[in-house]
Amino acid sequence: MGTLAPTTFNTMKAFTFLLLVGLVCGQDWTCDECAEGGEALGAFASSETSVPDCGACSARVDGATDALAWEETITAWVSGLQEEGFCGAQEDPEQCKEAVAFLIPLAFPVLVAQPRDWVDTFCVDIRGCEA
């Protein structure tokens, strides 16, 4: 996979802009709110697209990966998988809940302990960071 070109970031920005415009069209706005929103959208549309440097990208990805070992993260994932439709959509929801409660606390620390040689490749090839 290659590095994302600047035009890809501009396309993403244009899509985000159009999505925001579409979302606000259905709102009841006063004239003042409309003018303020228009200025904010204009500022967003005319701002420069920036690509994070590789060090910042790697630090973010490493931090997010490290967070998988936090007790509160593990608890949130177990709860989310058990309660928010995943286990409910399985053939045996109770067995799924037991499996999630058993596996997630074991799996996440193992994932965190794995080598992070993929992080730099991810940041360069997927996120398009600049060294």
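Two aromatic pairs turn up in this predicted model, where rings of Phe, Tyr and Trp (its six-membered ring) pair if their centres lie within 6.5 Å. Planes under 30 degrees apart count as stacked, over 60 as edge-to-face and the rest as tilted. The structure also holds two disulfides and three salt bridges.

As this is a predicted model, local features need pLDDT of at least 70 and side-chain atom pairs count only at pLDDT 80 or more, while totals for chains, interfaces and linings use all residues. Residues are numbered from 1 along each chain as its sequence is written, and side-chain values use heavy atoms, with hydrogens and water left out.

**Aromatic pairs**

- A pair of aromatic rings is described by the distance of the centres and the angle of the planes.
- Tryptophan 77 and phenylalanine 108 have ring centres 5.5 Å apart and planes at 80°, so this pair is edge-to-face.
- Because tryptophan 77 sits in helix H4 (residues 71-83) and phenylalanine 108 in helix H5 (residues 93-112), their pairing ties together parts that are 31 residues apart in sequence. Helices here (H or I, at least four residues) are DSSP runs, numbered from the N terminus.
- Buried means under 20% relative accessible area, exposed over 50%, and partly exposed in between (1.4 Å probe, protein chains only).
- Tryptophan 118 and phenylalanine 122 make an edge-to-face pair too, with 6.4 Å from centre to centre and 70° between the planes.
- Both tryptophan 118 and phenylalanine 122 belong to helix H6 (residues 117-126), where they are four residues apart, about one turn of the helix.
- Tryptophan 118 is partly exposed at 40% relative accessibility, and phenylalanine 122 is partly exposed at 28%.

**Disulfides**

- A disulfide is a covalent bond between the sulfur atoms of two cysteines. The rule used here asks for a pair of cysteine sulfur atoms within 2.5 Å.
- Cysteine 57 is joined to cysteine 123, with 2.1 Å from S to S. The torsion about the S-S bond of cysteine 57 and cysteine 123 is about -85°, so this disulfide is left-handed.
- Which parts of the chain does the pair of cysteine 57 and cysteine 123 tie together? Cysteine 57 lies in helix H3 (residues 54-67) and cysteine 123 in helix H6, so the linked parts are 66 residues apart in sequence.
- Cysteine 57 and cysteine 123 are both buried.
- A disulfide also joins cysteine 87 to cysteine 96, with an S to S distance of 2.2 Å. Its torsion is about -70°, so the bond between cysteine 87 and cysteine 96 is left-handed.
- Cysteine 87 and cysteine 96 are both buried.

**Around serine 58**

- Serine 58 has its place in helix H3, and it is buried, with a relative accessible area of 11%.
- What does serine 58 touch, leaving aside its neighbours within four places in sequence? It is in contact (heavy atoms within 4.5 Å) with Val119, Asp120 and Cys123.

**Salt bridges**

- Side chains of opposite charge can pair when their charged atoms come close. A salt bridge here is a side-chain nitrogen of Lys or Arg within 4 Å of a carboxyl oxygen of Asp or Glu.
- Aspartate 62 forms a salt bridge with arginine 116, and their closest N and O atoms are 3.1 Å apart. This pair links distant parts of the chain, with aspartate 62 in helix H3 and arginine 116 in the loop between H5 and H6, 54 residues apart.
- Aspartate 66 forms a salt bridge with arginine 116 as well, at 2.7 Å between the closest N and O atoms. Aspartate 66 is in helix H3, and 50 residues separate the partners.
- Aspartate 62 at 26%, arginine 116 at 22% and aspartate 66 at 37% are partly exposed.
- Glutamate 94 forms a salt bridge with lysine 97, the closest N and O atoms being 3.9 Å apart. Both lie in helix H5, three residues apart, about one turn of the helix.
- Salt bridges that share partners join Asp62, Asp66 and Arg116 into one network.

Terms used:
Helix = DSSP H or I, 4+ residues; strand = E, 2+ residues; numbered from the N terminus.
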